[in-house]
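Q: Please take a close look at one part of this model: the packing and pairing of its secondary-structure elements. Keep to what the coordinates give.

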Amino acid sequence: MSPPARATGHSRLLWLGALLNAVCVIAHAWAADPQPYTVTVSPTGNSEIDQAVRDSSLLVTLRESAPAPPFGLIGRARGDAERITMVLNSFGYYAAKIVVTIAGRQLDDPALPTVLDQTPQNTAVPVNIAVDKGAVYHLRNITLEGAIPAAGRVALGLSSGAIANSADVAAARERLLAALQEAGYALAKVDEPIAYADDQASAIDVTFRVNAGPQATIGMISIEGLKDVNESFVREVLTIHSGDRYRPSDIEMARQAIAATGVFSGVNVRAAEQLAADGRLPLIFDVQERPKHAVNLSGDYSTDLGFSFSTSWTHRNLFGNAEQLNLSAAENGIGGTATSALGYKFSAQFLKPDFQRQDQTLEFDANAIKQALEAYNQTAETVGSFLRRKFSPRWSGSVGLTATHDDVVQKGTDRLYELLALPVSASYDSTGLTDVLQDPTHGVRTSFAFTPTQSFGARTFTFFTLQASASAYFDLSGGGRTVIALRGLAGSVLGASSLDLPPDQRLYAGGSATVRGFKYQSIGPRFSDGDPIGGASVDAVTLELRQRLFGNFGAAVFVDAGQAGAGSIPFTGAIRAGTGAGLRYYTPIGVVRGDVAIPLTRIANGDAFEIYIGLGQAF
């Protein structure tokens with residue numbers, strides 16, 4: 001191409017004058033008042049495409065929120081034609097025709113700016129988007145260029161004759177690349193697919209150019225960002241090692257294992273850009289340590305148990321290997337109808353992660369509790385040790401040994417019990433959540449516990465406590481806005497009658513954990529004066545509808561039912577039911593819950609209603 005001719009001085013002046021005049025015209029157009037307009041989009045016959053067209057159209061989405069002057073309206077319309085064309089391409093329509101008119105005129109009509117400028121102020125002009133999607137294109141020839149393992153060809157997932165959806169083709173490239181990397185081709189490259197259109201046949205031929213490169217193994221593993229956490233501990237946690245086949249899924253599992261230790265706020269992993277001299281691919285884990293200490297304050301309220309306030313202090317990395325020390329103190333029983341005096345609970349917990357093997361934690365606990373309830377008064381101290389293991393992402397279990405010095409007063413009789421227990425439990429969780437305060441929207445949670453207990457002191461005997469609970473969550477909306485939550489529980493004590501058992505080891509119903517609308521522990525066998533005795537069996541069910549409303553607000557309605565019986569066989573007591581509703585406010589740390597529940601059948605010494613306020617869903 002030859003260089004352009006130079007302009008003379010006179011021509012330069014003319015050119016400069018024209019440029020200034022154009023700038024003034026454009027500035028006047030942009031400074032003009034916003035031009036109101038209406039939009040009509042012709043239907044395509046496919047509701048999904050129609051919605052996608054409207055969602056991509058700035059003429060539609062910005063009509064009220066961002067009015068445009070005449071010049072800007074024309075530019076917005078031109079951009080819409082390009083955006084809608086891309087939308088139709090994504091559905092396999094590559095011969096679509098988009099015609100946008102303003103006030104009945106084509107966008108390239110030179111008289112259009114004048115027409116808009118002369119339109120009376122506050123008069124909306126009609127904008128019409130005519131969509132002719134044309135014929136749908138199908139994939140014809142799918143070509144892979146390069147040496148590609150069989151696993152990669154299978155992962156492509158495209159077939160001749162399928163609709164030529166551009167998103168499917170792009171996703172196929174990602175699947176192919178992921179399959180190659182999972183097969184060990186760490187440096188594999190898959191170019192953007194090249195598409196050739198045959199308009200006469202309404203067909204698309206696609207070519208993928210692939211360079212798989214050599215299979216790689218993991219080389220040197222570096223850990224960067226450590227300060228107080230011992231590197232030896234992190235390396236013990238790692239589930240991959242130098243010499244292992246390079247697989248992104250295995251590397252991600254290793255990243256998650258490090259993150260699960262609880263001492264890091266962030267864990268990222270990256271691979272070197274090229275193989276090392278030994279032919280292996282080095283990996284670098286970048287970690288960010290969390291603060292070693294944390295302090296939490298919390299509180300809740302219910303009409304039966306009153307106000308409760310608690311504080312906790314946590315050391316997340318006591319000896320450099322993610323050992324955790326948790327200290328907490330709580331005050332309860334302030335102003336509750338089921339309590340008669342203030343109570344307390346002090347606890348200390350030490351956790352040693354990855355004890356003897358990965359996914360296994362050794363736990364030591366010490367607790368002191370005092371509570372004055374309508375059913376009994378208790379002062380107790382407990383020490384215990386547990387071995388907890390995570391068997392899979394969903395299954396976990398534990399076994400422990402606890403010793404309790406239990407001083408209980410019921411109906412004026414003070415008895416001292418020394419309890420030695422061997423609790424065994426298993427749990428299943430498919431909700432995908434890691435924090436009990438998070439809001440479950442789908443999945444199932446179940447737990448099973450079996451606790452043989454030897455009692456000394458007031459009486460010497462052995463009893464066995466069995467408990468099972470389950471909750472299920474069904475997302476009716478697909479986005480977590482409408483959720484049905486179900487809960488069920490059952491418990492039984494074998495080997496002793498309810499009156500032989502320590503009062504705090506008996507089973508009760510009533511309260512937020514079983515049947516809302518009834519005071520805590522108020523459902524079950526009762527003394528002649530109406531005070532709770534406690535039973536040897538319990539069962540309860542809950543149905544709750546949770547609905548997000550607007551912003552961070554939501555609501556819930558629920559019905560609970562349950563019973564507690566003197567015998568050890570569940571489902572034999574007098575059934576009590578309660579119902580209620582509440583508000584929810586969703587925060588980053590959990591949902592704030594406020595519920596009001598009423599009993600459907602009143603009982604002696606019962607409340608007319610119960611109020612529950614706390615953090616987290618009821619279950």
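A: In this predicted model, helix α2 (residues 47-56) packs against helix α4 (residues 70-90) at about 145 degrees, with 9 Å between their axes. Helices (H or I, at least four residues) and strands (E, at least two) are DSSP runs numbered from the N terminus; axes are lines fitted to C-alpha atoms, for helices over the stretch in contact, and angles run from 0 to 180 degrees between N-to-C directions. The crossing of α2 and α4 is right-handed (near helix turned clockwise from the far one by less than a right angle; anticlockwise is left-handed). From α2, Ile49, Ala52, Val53 and Ser56 meet Asp80, Arg83, Ile84, Val87 and Leu88 of α4, contact being heavy atoms within 4.5 Å. Six of these residues are nonpolar, one is polar and two are charged (Ala, Val, Leu, Ile, Met, Phe, Trp, Tyr, Cys and Pro nonpolar; Asp, Glu, Lys and Arg charged; the others, Gly among them, polar).

An open, mixed sheet of three strands runs in the order β9-β11-β10, where pairing needs at least two DSSP bridges. The edge strands β9 (218-224) and β10 (264-271) each have a single partner, so one side of each lacks a neighbour in the sheet. From strand to strand the twist averages 15 degrees. Seven bridges join β10 to β11 (residues 281-289) in the antiparallel sense, and Gly266 has Gln288 of β11 as its bridge partner. Helix α9 (residues 248-259) packs on this sheet and touches β9, β10 and β11, its direction making about 160 degrees with that of β10.

Residues are numbered from 1 along each chain as its sequence is written, and side-chain values use heavy atoms, without hydrogens or water. Local features need pLDDT of at least 70 and side-chain atom pairs 80 or more, while totals for chains, interfaces and linings use all residues.
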